[in-house]
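Have the structure open beside you and try each task before reading on.

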Amino acid sequence: MKVEFQFNNLNANFLKKLTTSKILIGYEGERATVALTHEYGSKRKNIPARPFLRPVVTNLRTIKKALAFGAKLHSIEAIGEYLVGEVRLRIKRMHVGMRWRGHSVKALKPSTIRQKGSDAILTDTGRLAQDLKATIE
């Protein structure tokens with residue numbers, strides 16, 4: 001697969017920062033544990049995998065759009081914020097049957113639905129989406 005990036009009029013500072021920085025998308029503290037459990041699932045807790053982060057950050061089309069967005073604003077931070085927005089959208093749109101690399105999102109158990117009062121997947125308090133952050137190193 002060939003992916004081409006064509007950006008005109010990029011300033012040198014942006015290009016240098018882009019090639020020497022890391023953009024980290026994720027969580028801190030307890031929320032990181034919750035996110036990890038949902039992303040990969042937990043056999044011990046009987047929670048199936050519901051990938052929401054990896055499908056976004058491994059999608060070349062999404063990465064290309066994020067790079068174009070950041071280039072337009074000459075901001076590496078904008079790239080991170082674009083990706084955070086895409087992950088938040090995936091969390092919001094998560095539904096039964098959604099697929100990614102052989103994973104199919106399973107419905108919540110009836111006991112979970114009763115406890116939450118809703119059958120919305122990955123949405124209870126909204127903190128999973130709210131607490132997601134982009135950090136530039």
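**Exercise 1.** Decide whether Tyr 82 is buried, partly exposed or exposed.

*Solution.* In this predicted model, the relative accessibility of Tyr 82 is 21%. Buried means under 20% and exposed means over 50%, so Tyr 82 counts as partly exposed. Phe 69, at 37%, is likewise partly exposed.

**Exercise 2.** Classify the ring pair of Phe 69 and Tyr 82.

*Solution.* Start with the ring centres, which lie 5.6 Å apart. Next, take the angle between the planes, 40°. Stacked needs under 30 degrees and edge-to-face over 60, so this pair is tilted.

**Exercise 3.** Describe the pair formed by Tyr 27 and Phe 52.

*Solution.* The structure holds 2 aromatic pairs. Tyr 27 and Phe 52 have a centre-to-centre distance of 6.5 Å and planes at 70°, an edge-to-face arrangement. Tyr 27 belongs to the loop between β1 and α2, Phe 52 to the loop between α2 and α3, with 25 residues separating them. Both are buried: Tyr 27 has a relative accessible area of 14%, and Phe 52 has 1%.

**Exercise 4.** Work out how α1 lies against α5, and which residues meet.

*Solution.* The axes of α1 (residues 12-20) and α5 (residues 76-93) come within 9 Å and cross at roughly 55°. At the contact, Phe 14, Lys 17 and Leu 18 of α1 meet Ile 76, Glu 77 and Ile 79 of α5. By class, that gives 4 nonpolar, no polar and 2 charged residues.

Definitions and conventions
Residues numbered from 1 in each chain as written. Predicted model: local features only at pLDDT ≥ 70, side-chain atom pairs only at ≥ 80, totals over all residues. Heavy atoms only, no water. Axes fitted to C-alpha atoms, helices over the stretch in contact; angles between N-to-C directions. Helix = DSSP H or I, 4+ residues; strand = E, 2+ residues; numbered from the N terminus. Contact = heavy atoms within 4.5 Å. Nonpolar A, V, L, I, M, F, W, Y, C, P; charged D, E, K, R; others polar. Phe/Tyr/Trp six-rings, centres within 6.5 Å; stacked < 30°, edge-to-face > 60°. Buried < 20%, exposed > 50% of the residue type's maximum accessible area, 1.4 Å probe, protein only.
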